[in-house]
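Have the 3D view ready to rotate as you read.

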2 protein chains.
Amino acid sequence: MNDKSVYLDNAAATRLDERVLEAMSPYFFQTYAVATSEFAYSQGIEAKEALDGARGRLAGLLGVTPEEFIFTSGDTESSNIALKGVAKALGKSKGRHIITSRIEDFPVLQSAKALEKDGFSVTYLGVDGEGFVDLDQLEEAITGETILVSVQHSNQEIGTVQDIEAISKICRSRNTLFHCDATHSFRRLPIDLSRVPIDLLTVSAHTIHGPKGIGGLVVRKGTTLGKLMDGGFQEFDRRPGLENIPGAIGFARAAELVDEAENDRLRAMRDHAIWRILNEIPSVTLNGSPVDRLPQNVNVSFHFVEGESITLHLDMRGFAVSTGSACFSRSLQGSHVIYGIGGDHERAHGSIRLSLGRYNTLEEVDAAVTALAEVTRELRKISPLGK
Amino acid sequence: MNDKSVYLDNAAATRLDERVLEAMSPYFFQTYAVATSEFAYSQGIEAKEALDGARGRLAGLLGVTPEEFIFTSGDTESSNIALKGVAKALGKSKGRHIITSRIEDFPVLQSAKALEKDGFSVTYLGVDGEGFVDLDQLEEAITGETILVSVQHSNQEIGTVQDIEAISKICRSRNTLFHCDATHSFRRLPIDLSRVPIDLLTVSAHTIHGPKGIGGLVVRKGTTLGKLMDGGFQEFDRRPGLENIPGAIGFARAAELVDEAENDRLRAMRDHAIWRILNEIPSVTLNGSPVDRLPQNVNVSFHFVEGESITLHLDMRGFAVSTGSACFSRSLQGSHVIYGIGGDHERAHGSIRLSLGRYNTLEEVDAAVTALAEVTRELRKISPLGK
């Protein structure tokens, strides 16, 4: 490993903030009681208060009540609970139809596919060239049998931000539950559920320099939801298992450490990188919206060259960037997101994503873009794809 | 909170060992790549190697290959995957009958109950007065429709250790999968799967001074298992979600830090406590086996007095102990385990569990027993239950 390597992929946001660990530390070594012991002894009360304090802080940031926020092991579990929980609760009464989009992240997409095998029907909404769901198409797709619409807030690869307020209103007016995967947008973009009627919302700590292994799911009051796992009564009887109190405390602290100034700084670095790439490198396409875009996301496709080759050459120069989705990078399949926005094989295989985090500097971003320009130039010289 | 309080309940084992945090630390701040990025850049390889290193060390301690050990968010998830995964895989082909015991912990028990609602039939084996499953009854219960036997290694409340070698052999001879919940025995008692044919085994880090939010499931080669969650391809496509590498590293380190000398020390403290309680306090019954017992477990029932009152009075004296199960302590229901071993209402409600960990001293245990003797004497003076 190159010790000076610069993380410019999804991992950039998973570097733990030292202040988060500091906040967690007392719950490793001093207050480590089991929260469900609250009726047995006083440390149990303290543990329960710590857990509920973290819950309340996160709920407050989202505009919901503490009782509407449950902790999970991460966004994968949260989205699984949302989709399968609604299917379980309403599949035998209201109907067996679910609507999602073609460019969702894998926890939603694969849960939907699993439900298809269980006899549910799923509509996969198409998106336009920038990745936006067509709201008219959504309206048309909803039937009396539709029990859930699951559309992400922002895309995991190309950063496109959906109009979730409009989607939520359509769902509300058609009496259909709405789940929104906000894994990548939580704290990077405003989300206020006191104003926007979203029934279920997935969030995670690992995208904001919080600990791995902890996430959350908003379940608005009155939402009927079956259980994915069975065991104890924890998390309002919605998610069993020993409470991960250090994780919950770390999640809340991480959420509070993100502020608008930081998001503005990321936005500026993002646009600087995009501007330089589009102007200094020939034959390149921006993937996703130039406007409604995650502050931390850059995604471009280079013609006449494979994304895999670019990442390897950038790695040798000390820059860690990604192609496609982190979940599936080993598969060498083209990105389903790039195909979803109408990209062809070349564009899907030539895409490169930079994800920016708190610890990235403009200097690093500049150096990465310069390296990117050199690497693509060199690779195109020897490319069998022509130029 | 009383800062000098002594944890003598399940929480005692959840205090993180400083050496575990030290082992995790590089994966918070230096090597925080996503393991599935292994094909994109060199930090991904390093992250993957760290994850697989932790996996290999844990697998080695259990006598299985690394490919047979998957990480989960904890024992609740592991047991849910085991029961529901087998049900999903074999419920439509081999049969819909499952066997478990009446005194299992809630993840197994409630998963079994959830499967009953889905049309599976479940046999709940009774246990004898010390908590042992009757092997003849098990043999008789297995039919051609039986797809899984799930019996715990040791009991979460009374510490009774089942003869899992004998159970595994019965299951093997009858061609039925065997899941064993080893949450409380992992590293406290020998478990060697290279010798004992157990198909699925649940373990967790939180019982051995490891981090919360990480557990494991052994899935022996050739075991057909459906998925509980859908998403990415992680953990050999058995458990999706961003890998919790710091958690995995912490789990492996915690497992290695337990040794026979420590288990012997716990055993000695346990027997010292039991001996003193039985000899110095009148009208008390030991729950569980006096011989085949978890090294860290003491469980006794006091006549003429409520366990809840004892815990509150001990709390005031600075000792944190539990009644019944941590998962259900808020319910004030009598322990299903004590009822399972034939205890009546009084015994179920008068039970107290001490759980010992690395940081407990003999001096603390002695002080707790002395306090217990005083508290029970005082409570019995005013008890409405008579004496």
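Asp315(A) sits in helix 10 of chain A, the helix that covers residues 307–316. Keep in mind as you look around that this is a predicted model. Is Asp315(A) buried or exposed? Its relative accessible area is 13%, and because the cut-off for buried is under 20%, Asp315(A) counts as buried.

Now look at what surrounds this residue. Leaving aside residues up to four places away in sequence, Asp315(A) touches Ala40(B), Tyr41(B), Ser42(B) and Gln43(B). With Ser42(B) there is also a polar contact between the side chains, at 2.7 Å.

Chain B contributes 68 residues and chain A contributes 69 residues. Together the two chains bury about 6,200 Å², and 60% of that area is on carbon and sulfur atoms.

Which charged and polar pairs link the chains? There are 2 salt bridges between chain B and chain A. One of them can be found by selecting Asp230(B) and Lys84(A), whose side chains meet with 2.4 Å from N to O. Counting pairs with both residues at pLDDT 80 or more, 21 residue pairs are in polar contact between chain B and chain A.

Several elements of chain B build the side that touches chain A. Strand 1 (6–7), helix 1 (18–29), helix 2 (42–62), helix 3 (75–90), helix 4 (106–117) and helix 10 (307–316) each supply at least two residues. Helix 4 of chain B gives the most, with 5 residues. By residue type, the side of chain B that touches chain A divides into 30 nonpolar, 24 polar and 14 charged residues.

Finally, how are the two copies arranged? In general, two copies of a chain are related by a rotation about an axis and a shift along it. The same surface serves both copies, since 100% of the contact residues of chain B recur in chain A.

Conventions
Residues are numbered from 1 along each chain as its sequence is written. Chains are lettered from A and ligands numbered from 1 in the order in which they are written. This is a predicted model: local features need pLDDT of at least 70, side-chain atom pairs count only at pLDDT 80 or more; totals for chains, interfaces and linings use all residues. Side-chain values use heavy atoms; hydrogens and water are left out. Contact means heavy atoms within 4.5 Å. Buried area is the accessible area (1.4 Å probe) that two parts lose on being put together, summed over both. A salt bridge is a side-chain nitrogen of Lys or Arg within 4 Å of a carboxyl oxygen of Asp or Glu. A polar contact is a pair of N or O atoms within 3.5 Å; within protein, one must be able to donate a hydrogen and the other to accept it, and residues adjacent in sequence count only if both atoms are side-chain atoms. Helices (H or I, at least four residues) and strands (E, at least two) are DSSP runs, numbered from the N terminus. Ala, Val, Leu, Ile, Met, Phe, Trp, Tyr, Cys and Pro count as nonpolar, Asp, Glu, Lys and Arg as charged, and the others, Gly among them, as polar. Buried means under 20% relative accessible area, exposed over 50%, partly exposed in between (1.4 Å probe, protein chains only).
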